[in-house]
Amino acid sequence: MRVCWDVSPAVHGRAGLGRYVQELAAAILARDARNEYVAFYNRSAEARVPVPLDALPQLTTRQGDKPWRLRAAVSHVLRLSQDRLFPSIDLFHATDNLLPFLTAIPSVFTLHDLVFRFHPDTVSWANRLFLQMMTRRFLQAADAIIAVSECTKRDAQRLYGIADSKISVVHEGVHERFQPCRPDAVTAVRRRYGLPARYLLFVGTVEPRKNLAVLLDALVALKRRISDGASGANVPKLVIVGKKGWLSGGFFRRLRELALEPDIVLPGFVPDDDLPAVYSGTACFVFPSLYEGFGLPVLEAMACGAPVICSNASSLPEICGDAALLFDPRSPAELVTVVERILADAALRGELVERGLRQAAKFTWQRTAERTLDVYADVAGRRGVH
């Protein structure tokens, strides 16, 4: 069987979606010698095909991202087959919230999240409009749907009436590189990125749904409590690792309003090879997101031995299990309480570290690959593909 992956998120450097495509492809290629795989993406000046996708046969369209999305949408509305763009393909896996209109080629659609339905103000108007118009069509057209969490599956079934037999939960995984690092490796990475000896950590794109403003408000409250004598230790600096995303200006305005620039370290994007040491060196990893389809940074932090504080929203309790302290992401006061608790209690930190290591070990890309291959085989069997 010749399977085509839409690898656009990895080629265009789209954070979480790019990680999903690249890690899933690597895990499948390492274990599946039976099927042949092809990489598809929309070619542009900034397109860079990463390992191992660069070794695959390539199919491309020279249209930019928006024209390609518009073309796919029009094809669905007018029912104009796009099969000819994918010659000799037996199965198409849509990973980028976009499914070409295919009539003879079976398809699998990965549903990462439905944030545009629950927090529309955190999504650009153009992307929100596209997803509002097209998501139902994509889900109906796909032969099978992969949801990255039980939460996402429930939401899809409630909002779109997806049959249980059509949608499978396939969790993402944690790469083997994410493990506790030696002290010398942590020290080297601290020096490389100018990180303080003691810090709170967030990893992810700086955008509204990550809810970073609540971290700033909590930091102000923590500093105030210390100055009032309510706490016995200094507040660690906050390190925010990640690129600037959609509508990040509001966060930086709030940062200036609160005069917190001296308390925040912004190294920007950090390569995967250095991330484990960044996770390993933190006093506490904090993830205040309003909505996540999965929430991979939480598991990566746990795998590196970081104690975790996490939002109790969407899929995150499912992913964290009993290995994190949860809080209401709308409540800076609640966040202050759990941060103070974890910083003051060494025994609690140790317990969370042990639980986190066990929790993260449940999620592997090898298991993700196996479950995904099962979905491929089921679709191929139903459509008579060999």
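The model is predicted, so local features need pLDDT of at least 70 and side-chain atom pairs count only at pLDDT 80 or more, while totals for chains, interfaces and linings use all residues. Residues are numbered from 1 along each chain as its sequence is written, and side-chain values use heavy atoms, with hydrogens and water left out.

Select the 7 strands of the open sheet, which are ordered 3-2-1-4-5-6-7 with parallel pairing. Strands here are DSSP E runs of at least two residues and helices are H or I runs of at least four, numbered from the N terminus; two strands pair if DSSP finds at least two bridges between them. At the edges, strand 3 (58-61) and strand 7 (167-169) each pair on one side only.

Next, select residues 2-6 and 36-42: these are strand 1 and strand 2, parallel and joined by 5 bridges. Val-3 stands opposite Tyr-37 of strand 2.

**Lysine.** Go to Lys-153, in helix 6 (residues 150-160). Lys-153 counts as buried because its relative accessibility is 14% (buried is under 20% relative accessible area, exposed over 50%, partly exposed in between, with a 1.4 Å probe and protein chains only). Leaving aside residues up to four places away in sequence, Lys-153 touches Ala-147, Asp-164, Ile-167 and Val-169 (contact means heavy atoms within 4.5 Å).

**Helix 2.** Select residues 15-31: helix 2 lies across strand 1, strand 2, strand 4 (91-94), strand 5 (107-111) and strand 6 (144-147).

Conventions. Axes fitted to C-alpha atoms, helices over the stretch in contact; angles between N-to-C directions.
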